[in-house]
Amino acid sequence: ASKLQLLSNPSDQGVIWRYNYADQLRGITRLAAKEAVASEATSLLSANNSTRIIFGGTRPTLPTKPGIYLGGRLVGVNLDQLLALNKSAANDSQQGAGSVASGSLQSQIKDIDLQLSKVTLMGRRLNTGKVKINRAPGFWRGNFETDVTSGTALIADNSQRPIVLKLDKLILKSAAEQAGNKSQTNSATRSSINSRAWPKIKLSIDKLLLDRLNIGRWSAVLAPSKRGYTVKSIQGGIANTKISAQMRWDELQKNITTHLSLQADGGDFGAVLKQLGFDRVLETKTGNLQTQLSWPGYPWDIAQKNLSGAMSFKLKQGRIIEAGTSANFLRIFGILNLNTVIKRLKLDFSDLLESGVAFDTVTANYNLQNGLATSINPLKLEGSSASVEMSGTINFSDQTLQQKMLVAIPLTSNAPIAALLLATPQVAGIAFIIDKLLGKKLAKLTALRYQVSGSWLEPNIRPINGAKK
């Protein structure tokens, strides 16, 4: 038996058609009297007809005004594919300066009011949501709310103009939150993603949330490209740090690669960590971070072990605290690795008032290849009592170090430590006596060299023969 049922009821006001497809889609259409004898293709899209289509099996009522009205509940639908079809239809139906043809399906849709369940949008699964879209001259106006976002959208008839998307909120899931659903999401959506068919979007986000943490207001301009999709003019701020970025991903057959260029300029990077929900293991007066990164897959497939590109930073006037473990990702920058080594060697970088490793500047420049960071310029910490340089490799995948370290210590300020490290205890007493006689004239450096290898949590530190005095 056919799943499609049709029923007609002629009247003086026209012919009323009711149709039902397997109780999944039901509709009612009234053809105006003068349209009842016209061809079917012409009559269904006539501006004089009234149609209501309901998804989900509810019996529809006849609209009081002409036009097409959509409602009901969509379950398990791929909205990316519908957007691609809509874009193609819009391109086919445009006339002159981009107006929609009067006889097209788009021109006749007046209202959309849908409940959403387990739908796919821009490659991501949305569990629940609702969307209401009304027709206005020259554009559509929409309001929507899902489990991860809410806001408004203005969609122009001219498909060459971007969708203006204003989000009241957008919730992003942290890596820990996504871990349980990653394989399901990727397998369910990757094969159906065609981001080159996604629309242009001018995006603003009033409140961006990482899990439940508010990380401020953001904006960006999104557009399809010949190779995939681009996200330009990314602007935002976390704590008192300004962030600007650009991103794109290329879809070349089955090979997908994301590219990200990001710059962060601001004050206390520790405040940034705190706002992102990490332990405040670091504090700075000013800081700058620049990255050029790429990784296989889409933006949400980012992982430390897959990163390639370049990264550099400069921090000024701060200290490394390391009061917790949630910010261990900073070890990819080498900062906490440096702190671990300094504590293991018992070097005194603290000031008179606060604990931690105090510094005047911390700088570094790395090249990254598939999760292996290699020093272009050494990671260098300079403080009032000593300076430390580390160069070599950091392996993000197995979380290991293979580096050489140079510690330059002013003899008068850290003479007991220098003596201990050089295994010459006599130097401590001699330096103390000479320092009392000559004062600041003895501010010469002792250079100590080490090999640092193994786990970045518990590295092996071995002195290298031939340290210079």
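1. The side chains of Arg217 and Asp206 meet in a salt bridge, with an N to O distance of 3.3 Å; a salt bridge here is a side-chain nitrogen of Lys or Arg within 4 Å of a carboxyl oxygen of Asp or Glu. Arg217 lies in the loop between β15 (213-214) and β16, while Asp206 lies in the loop between β13 (201-205) and β14 (208-210), so the pair ties together parts that are 11 residues apart in sequence. Arg217 is exposed, with a relative accessible area of 61%, whereas Asp206, at 42% relative accessibility, counts as partly exposed; buried means under 20% relative accessible area, exposed over 50%, and partly exposed in between (1.4 Å probe, protein chains only).

2. The model is predicted, so that local features need pLDDT of at least 70 and side-chain atom pairs count only at pLDDT 80 or more, although totals for chains, interfaces and linings use all residues. Residues are numbered from 1 along each chain as its sequence is written, and side-chain values use heavy atoms, with hydrogens and water left out.

3. By the salt-bridge rule the count comes to 10, and among these is the contact of Asp111 with Lys132, whose closest N and O atoms are 3.4 Å apart. This pair links distant parts of the chain, with Asp111 in strand β8 (residues 109-121) and Lys132 in strand β9 (residues 124-136), 21 residues apart. Helices (H or I, at least four residues) and strands (E, at least two) are DSSP runs, numbered from the N terminus.

4. Lys132 also forms a salt bridge with Asp113, the closest N and O atoms being 3.7 Å apart, and here the two residues are 19 residues apart, Lys132 in β9 and Asp113 in β8. Asp111 counts as buried at 15% relative accessibility, while Lys132 is partly exposed at 35% and Asp113 is partly exposed at 35%.

5. Turning to the strands, β16 (residues 218-224) and β17 (residues 228-238) pair in the antiparallel sense over six bridges, where pairing requires that DSSP finds at least two bridges between two strands. A hairpin joins β16 to β17 through three residues, and the bridge partner of Leu222 in β17 is Val231.

6. Val231 has a bridge partner in β18 as well, namely Met247, and β17 and β18 (residues 241-252) run antiparallel, joined by nine bridges. The hairpin of β17 and β18 has two residues between the strands, and in it Ala239 takes a positive phi near 55°.
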